[in-house]
Amino acid sequence: AKISLQRLFEYRADFFLWSLVSTGWTIFSLLFYQILFLQTSNVAGWDKQQMLVFAGTYMIIDSATWSMFWRNIENYTKSIFDGTLDFLLVQPIDIQFRLSVRHISFTNVPRLIIGVVLLALNLPPVTFSQVLMYIALIALSMGVIYALWFFTATFTFWVEKLDNITEIVPALRRIWSMPADIYSGPISAVLTIIIPLALITTT
């Protein structure tokens, strides 16, 4: 984290640019919800306040995921292709731990802050135990995303020139950016029981 922070201060313009991009996407997401509720009073039983709490939660999970996982998973697949993974394997440290926490990005911090503020402004009164449960569920959701992302990236060992395999999980983000209640029938069963992606933000 310290080295990543030093790198951030070394390339300040890059940090501010990507922070601006991240903030822009967040504002567009909020505009989407505002426009949506001009047309309807609820979405699959969720009212505007509940959806804003949901949106804040999604922003927290998404920004934390990109900050902690994206660069590491990308470097993981690259190290397989260019052979540098061999040098990491001989080092006296758990290889999965080393591959998973080597880089931390701070460019999504503004989005994380917006998510927390959005959550705080729209959340009804809660107890301390509910706050702890919320934090535990956020951690669990991120664990599911990490496991899925690392699992798919590992296919690189067996399939040559699969450079874009790390794009699969980010492409699935839209599944958990909406409440699980919007899915029905067989799709609902798949996304809540078999591969519980729809529950990542909803729960």
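Author: Helices (H or I, at least four residues) and strands (E, at least two) are DSSP runs, numbered from the N terminus. With that settled, please ask about the chain.

Reader: How many helices and strands are there in the chain?

Author: The chain holds ten helices and two strands. Starting at the N terminus, the elements follow the order α-α-β-β-α-α-α-α-α-α-α-α. This is a predicted model, in which local features need pLDDT of at least 70 and side-chain atom pairs count only at pLDDT 80 or more, while totals for chains, interfaces and linings use all residues. Residues are numbered from 1 along each chain as its sequence is written, and side-chain values use heavy atoms, with hydrogens and water left out.

Reader: What does the C-alpha trace span, and what share of the residues count as buried?

Author: The C-alpha trace spans about 55 × 45 × 35 Å along its principal axes. Of the 203 residues, 37% count as buried (under 20% relative accessible area; exposed is over 50%, partly exposed in between, with a 1.4 Å probe and protein chains only).

Reader: Which residues touch the most other members in the largest nonpolar core?

Author: They are Phe69, Ile145, Trp149 and Trp176, in a core of 30 residues. A nonpolar core is a set of buried Ala, Val, Leu, Ile, Met, Phe, Trp, Tyr and Cys residues joined through side-chain atoms within 4.5 Å. Helices H3 (48-82), H4 (85-89) and H7 (128-153) each supply at least two residues of this core. H3 gives the most, with ten residues. Another core lies apart from it, with ten residues, including Tyr33, Phe37, Val43 and Leu52.

Reader: Staying with Trp149, which residues does it touch?

Author: Leaving aside residues up to four places away in sequence, Trp149 touches Thr65, Phe69, Trp70, Ile73, Thr166, Val169 and Pro170. Contact here means heavy atoms within 4.5 Å. Trp149 counts as buried because its relative accessibility is 2%.

Reader: And how many aromatic pairs does the structure hold?

Author: There are eleven aromatic pairs. Rings of Phe, Tyr and Trp (its six-membered ring) pair if their centres lie within 6.5 Å; planes under 30 degrees apart count as stacked, over 60 as edge-to-face and the rest as tilted. Phe32 and Tyr33 form an edge-to-face pair, at 5.5 Å centre to centre and 65° between the planes. Phe32 counts as partly exposed because its relative accessibility is 39%, whereas Tyr33 is buried, with a relative accessible area of 6%. Trp66 and Trp149 are also edge-to-face, at 6.1 Å and 80°. That pair links distant parts of the chain, with Trp66 in H3 and Trp149 in H7, 83 residues apart.

Reader: Which residues do ring pairs link into a cluster?

Author: The cluster contains Phe69, Tyr76, Tyr146, Phe150, Phe157 and Trp158.

Reader: A change of topic: at what angle do H3 and H6 pack?

Author: H3 and H6 (residues 109-122) pack at about 155°, with their axes 8 Å apart. Axes are lines fitted to C-alpha atoms, for helices over the stretch in contact, and angles run from 0 to 180 degrees between N-to-C directions. H3 is therefore roughly antiparallel to H6 (over 145 degrees; under 35 is roughly parallel, 65 to 115 roughly perpendicular and the rest oblique). Among the residues that meet are Leu52, Gly56 and Ile60 in H3 and Leu112, Gly115 and Leu119 in H6.

Reader: Finally, where does Ala44 lie?

Author: Ala44 lies in the loop between strand E1 (42-43) and strand E2 (46-47). Its phi is near 50°, a positive value in a residue other than glycine. Ala44 counts as partly exposed, at 40% relative accessibility.
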